[in-house]
Amino acid sequence: MDPAAGACLRMLFLLSAQPWSTLAAGNTYSCDAPLASALPRASFSSSSELSSSHGPGFASLNRRDGAGGWSPLVSNKYQWLQIDLGERMEVTAVATQGGYGSSNWVTSYLLMFSDGRRNWKQYRREESIWGFPGNTNADSVVHYKLQPPFEARFLRFLPLTWNPKGRIGMRIEVYGCAYRSEMVHFDGKSSLLYTFNQKSMNPTKEVISLKFKTRENNGILLHREGPNGKHITLELVKGKLILFLNSGDANLPSPDALMLGSLLDDQHWHSVLIELLDTDVNFTVDTHTHHFRAKGESSYVDLDYKISFGGIPRHRKSVAFPHKNFHGCFENLCYNGVDIIDLSKKHKPQVLIMGNVSFSCSHPQTVPMTFLSSRSYLALPGTSGEDRVSAIFQFRTWNRAGLLLTSQFQHRSGAFILVLNDGKLKLSLSQPGHPVRDVTAGAGLNDGQWHSVSLSAKGNHLSVRVDGEAASMAHSLRGQIDSGDTYYLGGCPDNSSDPGCASPLNGFQGCLRLISIGDKAVDPISIQQGALGSYRDLQIDTCGLTDRCLPSYCEHGGECSQSWDTFSCNCAHTGYTGATCHSSVYEQSCEAHRHRGNSSGLYYIDSDGSGPLGPSLVYCNMTDTAWTSVQHNGSHLVSVKSSNGESPQPVFFKYTASMDQLQAIIDYVDHCQQKLTFHCKKSRLSTPHDGTPVSWWVGRTNETHTYWGGSLPDAQKCTCGLEGNCIDSQYYCNCDADRNEW
């Protein structure tokens, strides 16, 4: 097998929501070899060590030399044990022990991973967003299978809790296997155009798989067109992936849009799988899948034999949404089992390289910081004595409010406090002898996106910019100001006397990055090592923001919103109530309305209660029992013209309830009836020679019926025929008499 094709098949094996056989993958898939035990001691590092015999090099599982494992100098939640696997590997399981023959073991921990020692990401188990349970003694091994597995070169174990009668102690093992990777980097102006042989096409199914990582929150990953404006486009929009599906049907006002993923601009790898099966589409991002069936008969596998990756060629930019090219890296890009990156590297004629692409991933890494609690803070030294104040940073959060930055001017000549309040940025300026002045900027800044803030003051002028906008953000200062000694970000220490720390708002919870004080960039690693500033409840070199609305637990179209540690559902206009919009606000039947004493009239009922079907409007006729009447658009007489032997003329009845809602109503009642009446004038219902029906109606399951109101199924007679009183006794229906009158 071609090794490039093998990589693509293996990628599909790992990503696909459909089960793949080992025969399809080419070989039996096994990935559980121990990876850490064979590494040299230099591959292990840590935040600190209690002594040379407690160093990280002694942290391999079942190792007994040295002090029998790793222990840090002090036992607190800022310690970590790190492993360098030497190259990017697939990691499928981990195991932990305590320190050999000691009272030192970890009872819970976080697992972090990274490609380049920076910008770590927490591995989150599906059943818990928190860490892993650890050990209960020093020597037992606790093993965890990782579902799903991940790929990384560097791993970190961060102890959360440990034996209260001992200290942190760890021995670890990591399991997995080698990982084959083909990469390409797009610079935001480049793309790949792949042209494939239509003879190699599967006429019913196409499969596209890839991984990507980026720090940009917008960009087009792939685009493919067809006739009449038909196209599919995969685009990153505000950190979410949207698969646009345009069927080319002029009657549809806009393309279908399938949205998956969140916070995908975190500079970590995310997997994508698109399966096109005629009119069915399976769209998977990481572990979440969206199943979609296109309207009508239009297929998405009858497009042109060209597909563009990383952007849309300029001559094809005709679809009606922004066209920013992708800036970042792709890995193992496969189309129907063909390795597109491998073809590109070999300069094969099937792939046209447009712009500058490189076949490695050298995307620059930033070092974010996570403010974990409302008591978190970061204190940084100011540029004391300077006649200007300057601070720049970026933040992202779900919280509507929190303290972002505060500092006192030199000589107590005033102070400023910058907060997030109701999703807006608010700057308050206080100076002795003057009232506090406030200015606001931005809106909806608690949307989980990165937002940039720039604050500067020089002479008697102060300004704030949010995401590059500085409208109405200028203030005149009273007198000269000088930069203070300390800048507090995210919150304040308990004993601070800074006036800005008296704010009633809680501390900021979220992520900060790219901090500069006085035009000097702040190095977060120096903070982590204790060489700069001070902090509390901070995770450095990771952004721990999570999307609690993915997947959304809000039912029936309820709108999900979130804060740092909770989510809530807005159930307005859904017809449902409760914490997750689960309980219907409507009665389940007309009978329930009758028991409430309601009179006849129009009511909404929800026949399946808290089920997936929404409420429907019906007429409740309250007699000795409750009759439910579902309205349709054919309540009045409809004229049907003669077809004169041509194709029959159909008449459709559209109900106020969907077919599923009608079925639920029918399933709930004791008796169901509907009357369909045909009025005629020289219009037969059957032929005169053999009585073959020439008029009929079709029921909800597409069955054909030839009886009419008042008659019985299969009777082949109208009501007058059953009762023996037709106007012409030789016919069983009055219409068949062919009279020139109604």
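Which residues does Phe330 touch, not counting residues up to four places away in sequence?

Modeller: This is a predicted model, in which local features need a pLDDT of at least 70 and side-chain atom pairs count only at pLDDT 80 or more, while totals for chains, interfaces and linings use all residues. Residues are numbered from 1 along each chain as its sequence is written, and side-chain values use heavy atoms, with hydrogens and water left out.

With residues up to four places away in sequence set aside, Phe330 touches Glu182, Met183, Val184, Phe186, Leu210, Lys211, Phe212, Leu221, Trp269, Phe309, Gly310 and Ile341; a contact here means heavy atoms within 4.5 Å. Phe330 also belongs to the largest nonpolar core, a group of 39 residues, where Leu241, Phe283, Phe309 and Phe330 have the most contacts inside it. Such a core is a set of buried Ala, Val, Leu, Ile, Met, Phe, Trp, Tyr and Cys residues joined through side-chain atoms within 4.5 Å. Buried means under 20% relative accessible area, exposed means over 50%, and partly exposed lies in between (1.4 Å probe, protein chains only). Another core lies apart from this one; it has 36 residues, among them Met369, Phe395, Leu445 and Leu538.

The strands around this part come next. Helices (H or I, at least four residues) and strands (E, at least two) are DSSP runs numbered from the N terminus. Strand S20 spans residues 327-335 and is joined to S9 by five bridges, the two running antiparallel; strands count as paired if DSSP finds at least two bridges between them. Opposite Glu331 in S20 stands Met183, which is one of the residues that Phe330 touches. Strand S9 itself covers residues 183-187, and four of its five residues are buried. S9 is also joined, by two bridges, to strand S23 (residues 357-358), again in an antiparallel arrangement. There Phe186 has Val357 of S23 as its bridge partner. In a regular strand the side chains alternate between the two faces of the sheet.

S20 also holds Asn332. This residue has a positive phi of about 45 degrees although it is not a glycine. Asn332 counts as buried because its relative accessible area is 2%. Asp738 is partly exposed, with a relative accessible area of 26%.

Two cis peptide bonds may also be noted. The bond from Gln147 to Pro148 is cis, with omega near 0 degrees, and Pro148 lies in strand S7 (residues 142-162). The bond from Leu550 to Pro551 is likewise cis, with omega near -5 degrees; Pro551 is placed in the loop between strand S38 (538-540) and strand S39 (559-562).

The chain also carries disulfides, each taken as a pair of cysteine sulfur atoms within 2.5 Å, and the count comes to 11. Cys680 and Cys735 form one of them, with sulfur atoms 1.9 Å apart. The torsion about their S-S bond is about -100 degrees, so this disulfide is left-handed. It links distant parts of the chain, 55 residues apart: Cys680 is in the loop between helix H6 (659-668) and strand S46 (697-698), and Cys735 is in the segment after helix H7 (719-723). Both cysteines of this pair, Cys680 and Cys735, are buried. Cys718 is joined to Cys733 by a disulfide, S to S 1.9 Å. The torsion of Cys718 and Cys733 is about 90 degrees, so their link is right-handed.

Finally, some remarks on confidence. The pLDDT is the predictor's confidence in each residue, from 0 to 100. The chain averages 86, and 87% of the residues score at least 70. Over residues 1-5 the pLDDT stays under 50, and the model has eight contacts beyond four places in sequence for them. Residues 13-27 are also below 50 in pLDDT; this stretch has 23 contacts beyond near neighbours in sequence. Where pLDDT is low, the predicted coordinates should not be read in detail.
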